[in-house]
Amino acid sequence: MEEAALPFPAGGAGKGKETPITATVSPGIDVERLETGAFPGSGSYFCTTCNAQLSLRERDRLPECPRCGGMDFRRDSIFEPMQEHGQTAELAIPSPDSAPNWLATARSALTEPGRYLAWRDDEGGVRTAAVGPGWTRIGRSAAADIRLDDPSVSRRHALIVSELPDSLRVLDDRSLNGVFLNGEIVEWARVGDGDELAIGRFRLFALEL
């Protein structure tokens with residue numbers, strides 16, 4: 001901790017002699033360690049094991065890390081950006097699993113030709129959303145076209161762009177935890193029928209009928 005003396009005129013600007021006031025300058029920041037189950041308040045937090053980040057609201061409970069299952073976190077800081085917490089390349093990358101059993105059921109339930117995303121919600125139910133022409137916003141925000149309400153999902157996480165007849169792409173919308181296509185982190189990539197998108201702790205599958 002360093003202290004710097006700053007001249008300030010006593011008795012008002014431009015009057016009297018200068019009286020030093022003290023300003024505290026900290027070369028670093030002491031970040032409190034937090035554990036799963038805590039209610040740390042709104043802000044961004046990173047896992048001390050794999051550096052994955054979470055974005056929490058005021059009343060959100062700190063969950064287990066969606067990447068590695070870790071339970072220790074620290075509050076992120078504008079003075080220590082994510083890149084300085086560790087090597088980005090060392091982040092745990094979700095490996096693509098085989099198509100889940102429910103995916104065939106979700107596909108058979110589709111009746112209208114088009115493009116869709118299918119995923120399981122917190123209650124275990126299967127949800128599908130049509131992907132229309134143009135941009136589809138995915139995130140935790142209430143304004144998202146596909147809302148995934150979980151701390152591991154950024155408010156603006158990803159964009160899907162559908163251009164007929166055969167182009168479907170995904171774009172990372174500057175999210176904290178990234179977008180994974182079939183287990184590979186991507187910023188912008190083509191998505192095909194049956195491909196898996198990992199967005200936070202959710203697995204979404206592209207379906208085309």
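In the predicted model, Trp-102 is buried, with a relative accessible area of 13%. A search of the whole structure returns two aromatic pairs. In one of them, Trp-102 and Phe-205 adopt an edge-to-face arrangement, with 5.8 Å between the centres and 80° between the planes. This pair connects distant parts of the chain, as Trp-102 belongs to helix 1 (residues 101–108) and Phe-205 to strand 17 (residues 202–208), 103 residues apart. Phe-205 has a relative accessibility of 2% and therefore counts as buried, the limit for this class being under 20%.

Trp-135 and Trp-188 form an aromatic pair of the tilted kind, at 6.5 Å centre to centre and with 45° between the planes. Distant parts of the chain are again linked: Trp-135 lies in strand 9 (residues 134–139) and Trp-188 in strand 15 (residues 188–190), with a separation of 53 residues. Because its relative accessibility is 43%, Trp-188 is classed as partly exposed. A contact between a charge and a ring involves Arg-201, whose charged end sits over the ring of Phe-202 at 4.8 Å from the ring centre.

With regard to strand pairing, four strands make up an open sheet in the order 3-6-4-5, with antiparallel pairing. Strand 3 (33–35) and strand 5 (53–56) are the edge strands, each pairing on one side only. Neighbouring strands of this sheet are turned against each other by 40° on average, direction ignored. Three bridges join strand 4 (residues 43–47) to strand 6 (residues 72–75) in the antiparallel sense, and Phe-46 stands opposite Arg-74 of strand 6.

How values were computed. Residues numbered from 1 in each chain as written. Predicted model: local features only at pLDDT ≥ 70, side-chain atom pairs only at ≥ 80, totals over all residues. Heavy atoms only, no water. Pairing = 2+ DSSP bridges. Helix = DSSP H or I, 4+ residues; strand = E, 2+ residues; numbered from the N terminus. Axes fitted to C-alpha atoms, helices over the stretch in contact; angles between N-to-C directions. Phe/Tyr/Trp six-rings, centres within 6.5 Å; stacked < 30°, edge-to-face > 60°. Buried < 20%, exposed > 50% of the residue type's maximum accessible area, 1.4 Å probe, protein only. Lys NZ or Arg CZ within 6 Å of the ring centre and 35° of its normal.
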